[in-house]
Amino acid sequence: MPSRFPHFLSPDELTARRHAQVTAFLGGRDLDPGWLSDLMRERVGEGLLLLTSSPVHGLANPTSDLDFIRIQEAAIDGPRISTKIFENGHHLEVVSFSEAELASNLDELERLASLPAERTVAGFRAWDKQREPRRKQTERIVNGIAMDGSAPYLGALPALARVWSRAALHTAVEQVVHTTLAEKAGEARGRVGYAYNVLLHLMDALLSHHGDVYTTRKWYVLRWTRLMAEGGWHDEHLQSVAVGLERLRKDVHTFLAPDLAGEPLAAPFAELALAAVRATGTARGVTVGVELTGGVRAFLPGSALLLGPDGGVVLPGVGTESDLPFTGAPVGLDDLAALDAPAAATLLRALRAGAARLRIGYQGEEDGR
């Protein structure tokens, strides 16, 4: 698995950069690392204290909270609740985990990173139902900076980057499907909303692929703009995808104009997502299938969407699974455009209602660039 540290920085260089960002943030708030360590030890006990989130990534502002994670030796049971502290006008939060459960999570990261892409994504999506620390907190720990300026878990960043990038790519492909279906069904505005989602998740995927992993969605565009300004692409294929993304990002809003309501939009987004899958070395192709989730049957032809007496979802014109497109053999991502409007509308309703779900597959998986 190739290493993924931002802009070709070594782990030591990245740690130094992040420590400098944290030092500048704390200095701007007149906060001393020693005082913070003593305060946290007094309030929540002994343990390794990590400052996480926006200060580490150089994105904090003067009113940003201070989010800490504490790693302790003793085991901890049950769900975690953060401790909130308001001291000298500063809002601090800290949540604690044990060394053993963190070690288990880091092993799981390595395992997921070594699996085929579909299984990586399945493990990522099941994570929060099964594990502590949860996904976001695990990401924060890997990126976290200790009060002495070290980054004790940064060695897990390449695995984190691979898992997070694949998960974001998968979501982007799902949003491509929704963009295409909405367009085929005649949703002039809805397709634009889905298209924006494609762009956001592709930004996240490419950022993560380059080692800039940060779960909070509100920072995607700012981090993306920073990466575009700084460069540092791993190769020309990734740079080409980034340029294509920027081109679509600048034009997508124009499709909300009434005179462009009938103009095609979805195809370039599908092409871009497939190019990103290839450029990141995830796979050479993408397939789309559909499966019913249960409780679907025909009722009142011509109606829009109803609930059956057992709470099951009822769709017009759907009597069996074979009435929905792509429930048999999966098709290529670009084959979605062949659907007619009624079929696209029915499938889109089924997906929105939770009566059906997508099965995204990857063909010709690679080892990564």
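## Arginine 80

Arginine 80 is buried, with a relative accessible area of 18%. The cut-off for buried is under 20%. This is a predicted model, and the values here are computed from it.

Arginine 80 sits in the loop between β2 and β3 (83–87). Serine 96 lies 16 residues from arginine 80 along the chain. Their C-alpha atoms are 7.3 Å apart.

## The five-stranded sheet

β2 and β3 belong to an open sheet of 5 strands. The order is β3-β4-β2-β1-β5, and the pairing is mixed. β3 and β5 (145–146) are the edge strands, and each pairs on one side only.

Inside this sheet, β2 and β4 run parallel and are joined by 7 bridges.

## The three-stranded sheet

A further open sheet has 3 strands, in the order β9-β6-β10, with antiparallel pairing. β9 (331–332) and β10 (356–363) stand at the edges with a single partner strand each, so one side of each has no neighbour in the sheet.

β6 (residues 285–292) is joined to β10 by 8 bridges, and the two strands run antiparallel. Valine 290 has leucine 358 in β10 as its bridge partner. Valine 286 stands opposite tyrosine 362, also in β10. Towards β9, β6 pairs over 2 bridges, again in the antiparallel sense. There, threonine 287 has glycine 332 in β9 as its bridge partner.

How many of the 8 residues of β6 are buried? The count is 7, so β6 is largely enclosed by the rest of the structure.

## The largest pocket

The largest pocket has a volume of about 420 Å³. Its lining holds 21 residues. Those nearest the centre are Thr52, Asp67, Glu93, Lys136 and Arg140.

How does the lining of the largest pocket divide by residue class? It has 7 nonpolar, 7 polar and 7 charged residues.

## The second largest pocket

The second largest pocket has a volume of about 360 Å³. It is lined by 14 residues. Phe124, Arg135, Thr171, Thr215 and Tyr220 lie nearest its centre.

Helices supply much of what can be named here. α4 (117–130), α5, α6 (157–184) and α7 (190–209) each give at least two residues to the lining. The largest share, 4 residues, comes from α6. By class, the lining divides into 5 nonpolar, 3 polar and 6 charged residues.

## Helix α2

Helix α2 (residues 33–44) has 12 residues. From first C-alpha to last it reaches 16 Å, close to the 16 Å expected at 1.5 Å a residue.

Which residues of α2 are buried? They are Leu36, Ser37, Leu39, Met40 and Val44. Seen down the axis of α2, the buried residues fall within an arc of 165°, so they line one face of the helix. An α-helix has 3.6 residues a turn, so residues three or four places apart point the same way.

## Backbone details in loops

Aspartate 30 lies in the loop between α1 (11–28) and α2. Its phi is near 55°, a positive value in a residue other than glycine. Aspartate 30 is exposed, with a relative accessible area of 73%.

Serine 53 is not a glycine either, yet has a positive phi of about 70°. Its place is the loop between β1 (48–52) and β2. Is serine 53 buried or exposed? At 10% relative accessibility, serine 53 counts as buried.

A cis peptide bond joins glutamate 132 and proline 133, with omega at about -5°. Proline 133 is found in the loop between α4 and α5.

How values were computed
Residues are numbered from 1 along each chain as its sequence is written. This is a predicted model: local features need pLDDT of at least 70, side-chain atom pairs count only at pLDDT 80 or more; totals for chains, interfaces and linings use all residues. Side-chain values use heavy atoms; hydrogens and water are left out. Two strands pair if DSSP finds at least two bridges between them. On a 1 Å grid over the protein atoms alone, a cavity is a set of points where a 1.4 Å probe fits but cannot get out, and a pocket is an open set with protein on both sides within 12 Å along at least five of seven lines; lining residues have an atom within 4 Å of a point. Grid points are joined across faces, edges and corners, and a volume is the space filled by probe spheres set on the points. Ala, Val, Leu, Ile, Met, Phe, Trp, Tyr, Cys and Pro count as nonpolar, Asp, Glu, Lys and Arg as charged, and the others, Gly among them, as polar. The expected span of a helix is 1.5 Å times one less than its number of residues. Buried means under 20% relative accessible area, exposed over 50%, partly exposed in between (1.4 Å probe, protein chains only). The arc is that of the directions from the helix axis to the C-beta atoms.
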